[in-house]
Amino acid sequence: MMLDLARLDQLQNASVLVIGDVMLDRYFIGDTNRISPEAPVPVVRVAHTEDRAGGAANVARNIAHLDGQAAILGIIGNDTDGRLLKNLLVKEKVHSELLELDDARTISKTRIISRHQQMVRLDMEDTFPVAQAESVKQRYGELVEQYNTVIISDYAKGTLACVGDLIQAARKAGKQVLVDPKSKDFSLYRGATVITPNLTEFKAAGGDASSDEAMLSSARAMLAEAGIDTMLLTRSEQGMSLITQTEHHHFPAEVLEVSDVTGAGDTVIATLGTLLSAGFELKDAAWLSNLAAGIVVAKLGAATVSPEELAARASHQWSAKTSGYHPSVEQSLLHIDYARQQGERIVFTNGCFDILHAGHVRYLAQARALGDRLVVGLNSDASVRRLKGEERPVNSLEDRMEVLSALACVDWVIPFGDNTEENDTPEQLIKRVNPQVLAKGGDYSIDTIVGADFVQQNGGEVAILPTVEGRSTTGLIKKVRG
């Protein structure tokens, strides 16, 4: 496979309507170091709570975090949880088409987490009546023409009681339809373009996973009987298999360490739907969806994947080109904001990084270790000339960005300083990023670090890191010139 990662710039062209059972995911997170005297259960001392869009709404937020245009259609109650869910979707840049019911409550799932492990999950849910599914169907008919791909996210809570009609309406309108199934009877999803069961759902529907040959044979029989074009079967530690009547592709699992599988299926179908909507070939989209699953299960809770993470993981594979994907400044800032919403700690540093050397690499790795994600502010060519002289930079801004972006410790590279000497400092960029940590080299003091006062006033910290003696771009240039 040869995939040009520059095509990830096309994800903004994806428009996806997600329809299904939405819910509010609530997390209570804390430490546990004793057993309750009342019963043989651990006591979790809650340090903080998090609320996230869950169920079908998590599929929609995954699409938005990949830069796709996402809309969600589902049912909520006229209650506090429903209003909270709608507000969360606004922050996630998801267009909300949620129907409020006075006589129902919003589905919610509360997870108690300690030391990166789920201790217990509390579900508050009711199955919605069929009459409400008809209301969803009516609104769906008004929306489906506006999107080029439909994702049906079935959690068997009643929203999709008319699922057959929804699929037929979309296919009649020329739309691709992807289904994350819950029913054992796949014929309910007749006409779908792609169905994405996990191994448990595949077996429950009659699939035979005793061998690869049996799996392929039974999957193709199921597709033929149900009238579905393609199956993307997620097989846990065995990876994924893309199966049609005429071909198949196996993708090995890409995760190094599993932290939490919550929402992994949502990420798979969201990534697949976004990529297909943006014009990717099915095989390429499935391969990247497998990479996305590997990224998300290494995170805690129902997490998402950014285009930068996907490009970085793909570029480390032998089959992908390592260059080409360059998000705009505004895209990068939006993705940084999404990461912060997920509780990730943002670190910022800046510099010219003209000729990258061992001192730079060690410094950047140390900076990244101070948090979860590292943003590098990079002086523009004009800015470097003003600071270093007319013979600098040796490497252009594009080349410097390319090299920095290839480092595993760097998540975003954002240029600054294009126009005037006033812009040679990263102050305005620091204010836009609003990092929790501002890092600089040991030749600075806190009172001389641009942006230090802003970061500290906003509850962040400033870190001064040691420099590597004898390592500098200026020294390298002198050495080369003799």
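Predicted model: local features only at pLDDT ≥ 70, side-chain atom pairs only at ≥ 80, totals over all residues.
Let me start with strands S8 and S9 (residues 176-180), which pair in the parallel sense over 5 bridges, where two strands are said to pair if DSSP finds at least two bridges between them. The names come from DSSP runs numbered from the N terminus, with helices being H or I runs of at least four residues and strands being E runs of at least two. Residues are numbered from 1 along each chain as its sequence is written, and side-chain values use heavy atoms, with hydrogens and water left out.

Within that pairing, the bridge partner of Thr-149 in S9 is Gln-176. On S8 there is also a pairing with strand S1 (residues 15-20), which runs parallel to S8 and is joined to it by 5 bridges, and here Ile-19 stands opposite Ile-152.

How many of the residues of strand S8 (residues 149-153) are buried? The count is 5 of the 5, so S8 is largely enclosed by the rest of the structure, and by buried I mean under 20% relative accessible area, with exposed being over 50% and partly exposed in between, for a 1.4 Å probe and protein chains only. In a regular strand the side chains alternate between the two faces of the sheet. In S8, Thr-149, Ile-151 and Ser-153 point one way while Val-150 and Ile-152 point the other way, and all are buried.

Now let us step back to the sheet. It is an open sheet of 9 strands with mixed pairing, in the order S5-S4-S1-S8-S9-S10-S11-S12-S13. Strand S5 (95-101) and strand S13 (248-251) stand at the edges, each with a single partner strand, so one side of each is left without a neighbour in the sheet.

Helix H2 (residues 80-91) touches strand S4 (69-77) and S5, and its direction makes about 175 degrees with that of S5, where axes are lines fitted to C-alpha atoms, for helices over the stretch in contact, and angles run from 0 to 180 degrees between N-to-C directions. Helix H7 touches S1, S8, S9, strand S10 (194-195), strand S11 (230-234) and S12, and its direction makes about 175 degrees with that of S9; contact here means heavy atoms within 4.5 Å.

H7 (residues 264-277) also meets helix H1 (residues 56-65), and the two axes come within 8 Å and cross at roughly 50 degrees. That makes H1 oblique to H7, given that angles under 35 degrees count as roughly parallel, over 145 as roughly antiparallel, 65 to 115 as roughly perpendicular and the rest as oblique. The residues that make this contact are Asn-58, Val-59, Asn-62 and Ile-63 of H1, together with Asp-266, Thr-267, Ile-269, Ala-270 and Thr-274 of H7.

Strand S14 (residues 346-351) and strand S15 (residues 373-379) run parallel and are joined by 6 bridges, with Thr-349 opposite Val-376 in S15.

I will finish with some backbone details. Most residues other than glycine have a negative phi, and most peptide bonds are trans. Asp-67, in the loop between H1 and S4, has a positive phi near 80 degrees and is buried, with a relative accessible area of 10%. His-116, by contrast, counts as exposed at 52% relative accessibility, and its phi is positive too, at about 65 degrees. Lastly, a cis peptide bond with omega of about 5 degrees joins Arg-392 and Pro-393, and Pro-393 lies in the loop between helix H12 (381-388) and H13.
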